[in-house]
Amino acid sequence: VASPNNGSAIHFVIDGTNHPSLTIPNTGNWQIYTNIESGTAYAFSKGSTHTVRLVCDTGGFNINSWQYHNDIPIGDTVTLRSAANNLFVSAANSTSPLIASQATPGISEEFQLVDQGSAHWYGCVALKSVGNNLFVSADPAGVSPLVANGTNAGPSQTFQWSDHADGTISLRAVVNN
């Protein structure tokens with residue numbers, strides 16, 4: 001949301017039920033956006049269908065987007081399996097590209113999810129390789145493969161997590177979209 005005004009508000013109506021009003025912060029400009037959280041835990045079963053309305057209680061603000069999200073398992077260690085070949089993604093070392101080549105996961109196929117939401121927007125994570133304790137990095141130009149070589153999590157190490165509600169996720173590099 002973005003707003004040069006004070007006191008603007010919105011609320012959700014989900015399946016006909018009104019939810020608490022959310023105050024839109026004064027960001028100082030119509031085009032300076034910030035994220036707001038509803039503060040309410042909306043729990044929906046996977047694959048279920050719901051009617052969600054966003055009601056503008058006042059005017060005087062812009063909305064860029066809204067997103068329903070399941071909780072991302074921040075801090076957990078995960079393995080990544082390619083939908084293309086059903087093999088696990090491996091970060092063998094800090095110079096080899098990440099390749100989906102392992103039939104069974106080991107330490108080189110484990111990644112800790114580190115929250116990058118405060119640096120970007122909700123749903124952004126960094127992947128820290130358990131095997132070498134370095135972050136997975138994307139090439140800003142998008143021409144080189146992913147490599148677990150980052151000592152810190154910055155834009156090149158940040159990925160947007162998308163849950164497809166069917167047990168699969170995808171990751172999009174923030175640095176090159």
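Biologist: Which strand gives the largest share of the lining of the second largest pocket?

Modeller: This is a predicted model, in which local features need pLDDT of at least 70 and side-chain atom pairs count only at pLDDT 80 or more, while totals for chains, interfaces and linings use all residues. Residues are numbered from 1 along each chain as its sequence is written, and side-chain values use heavy atoms, leaving out hydrogens and water. A pocket is an open set of points on a 1 Å grid over the protein atoms alone, where a 1.4 Å probe fits, with protein on both sides within 12 Å along at least five of seven lines, and lining residues have an atom within 4 Å of a point. Strands are DSSP runs of E, at least two residues long, numbered from the N terminus, and the largest share of this lining, 4 residues, comes from strand 13.

Biologist: Is S129 buried or exposed?

Modeller: S129 lies in strand 9, residues 124-129. Buried means under 20% relative accessible area and exposed over 50%, with a 1.4 Å probe and protein chains only. Because its relative accessibility is 1%, S129 counts as buried.

Biologist: With which side chain does the side chain of Q116 make a polar contact?

Modeller: Q116 is found in the loop between strand 8 (110-115) and strand 9, and its side chain reaches the backbone oxygen of A153 at 3.4 Å. A polar contact is a pair of N or O atoms within 3.5 Å, one able to donate a hydrogen and the other to accept it within protein, and residues adjacent in sequence count only if both atoms are side-chain atoms. At 3.2 Å, the side-chain partner of Q116 is T158.
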